[in-house]
Amino acid sequence: MLFDTHAHMDDRAFDADREALIAGLPESGVALVMNPGCSLASSRNADALSRQYPHVYAAVGSHPDAADEVNEDVLEEYRKLCKLNPKIKAVGEIGLDYHYEDIPRDIQLKAFRAQMALAAELDLPAIVHEREAHADGMAVVDEFPAVKGVFHCYSGSLEMARELVKRGWYIGFTGVLTFKNARKAVEVAAGIPLERLVLETDCPYMAPEPFRGKRNDPSKLYRMAEKLAEIRGLSVEEVHRITTENGKQLYRI
């Protein structure tokens with residue numbers, strides 16, 4: 001059985017079949033799912049899904065694309081949600097995204113720091129989205145040494161991944177691992193300790209081969225497990241067991 005450590009099941013892409021899809025995941029080999037929030041609205045939805053399904057857990061937070069919504073009122077609601085629902089296991093998805101820069105960098109950094117501070121206050125792991133912001137991302141991590149968590153959909157170098165692992169962080173891999181041009185992801189997956197590696201779909205995005213370009217969902221996580229088994233010279237069963245245990249350790253489940 002697998003643990004999809006990052007799946008946006010509250011996304012509108014699942015509006016037509018969400019209930020049937022989530023209910024059927026254990027039969028498709030996915031025992032656990034972490035649904036992170038990307039905004040206040042999606043964090044509320046993630047909270048609701050975790051209450052509805054025993055195998056779904058949640059995180060609350062504002063993605064860098066929603067960094068401009070982060071203020072004291074939003075942080076207080078996240079704080080309350082975390083305290084009211086024991087199935088909320090992390091603060092996230094938070095971080096920095098300098099690819100499009102729809103939100104100015106200073107606003108992203110302010111929101112990232114505020115939510116890392118919330119994770120420190122609540123003693124929760126953080127789910128970090130970091131895209132083309134490697135130096136600033138590491139600098140913020142270093143400001144909050146008590147906070148650990150996962151850099152999801154990891155896009156950095158092997159050197160940076162090793163530095164994160166030294167600090168107690170996990171590295172998350174999506175369907176990108178299966179892409180023909182995924183040299184960097186494969187290098188990182190081969191070069192970090194197996195006990196610090198988790199698998200995720202980041203659905204409905206990042207569908208693995210041979211589903212690339214289609215809607216992704218947790219039932220496709222097996223493809224990442226197969227690729228990781230190939231990279232590390234392990235059986236698929238071993239990858240299932242190890243990455244599921246890693247996810248449970250990450251989120252203290």
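Colleague: Which residue stands opposite I94?

Modeller: I94 faces V128, a residue of strand 5. Strands here are DSSP E runs of at least two residues and helices are H or I runs of at least four, all numbered from the N terminus. This is a predicted model, so local features need pLDDT of at least 70 and side-chain atom pairs count only at pLDDT 80 or more, while totals for chains, interfaces and linings use all residues. Residues are numbered from 1 along each chain as its sequence is written, and side-chain values use heavy atoms, with hydrogens and water left out.

Colleague: Over how many bridges do strand 4 and strand 5 pair?

Modeller: Six bridges, in the parallel sense, with strand 4 spanning residues 88-97. Two strands count as paired if DSSP finds at least two bridges between them. From strand 4 the chain passes through helix 4 (residues 105-122) to strand 5, a right-handed β-α-β crossover. Right-handed means that, with the strands pointing away from the viewer, the path from the first strand over the helix to the second runs clockwise.

Colleague: And what does D97 stand opposite?

Modeller: R131, in strand 5. The C-alpha atoms of R131 and D97 are separated by 4.7 Å, and the two residues are 34 apart along the chain.

Colleague: Does R131 count as buried, partly exposed or exposed?

Modeller: Partly exposed, because its relative accessibility is 31%. The cut-offs are under 20% relative accessible area for buried and over 50% for exposed, with partly exposed in between (1.4 Å probe, protein chains only).

Colleague: What is R131 in contact with, leaving aside neighbours within four places in sequence?

Modeller: L96, D97, Y98, H99, Y100 and S155. Contact means heavy atoms within 4.5 Å.

Colleague: How many residues of strand 5 are buried?

Modeller: Five of six, so strand 5 is mostly covered.

Colleague: How many bridges join strand 6 to strand 7?

Modeller: Two, between residues 149-151 and residues 170-173, and these strands run parallel. V150 has Y170 of strand 7 opposite. Helix 6 (residues 158-166) packs on the sheet, touching strand 5, strand 6 and strand 7, and its direction makes about 135° with that of strand 7. Such angles run from 0 to 180 degrees between N-to-C directions, with axes fitted to C-alpha atoms, for helices over the stretch in contact.

Colleague: So what is the order of the strands in the sheet?

Modeller: It is an open sheet of eight strands in the order 1-2-3-4-5-6-7-8, with parallel pairing. At the edges are strand 1 (2-4) and strand 8 (197-199), each pairing on one side only. Neighbouring strands are turned by 25° against each other on average, direction ignored.

Colleague: Which residues make the contact?

Modeller: From helix 2, L40, S43, R44, D47 and R51; from helix 3, V74, E77, Y78, L81 and L84. They divide into five nonpolar, one polar and four charged. Nonpolar covers Ala, Val, Leu, Ile, Met, Phe, Trp, Tyr, Cys and Pro, charged covers Asp, Glu, Lys and Arg, and the others, Gly among them, are polar.

Colleague: Where is R79 placed?

Modeller: In helix 3. R79 counts as buried because its relative accessibility is 16%. Not counting residues up to four places away in sequence, R79 touches L118, E121 and L122.
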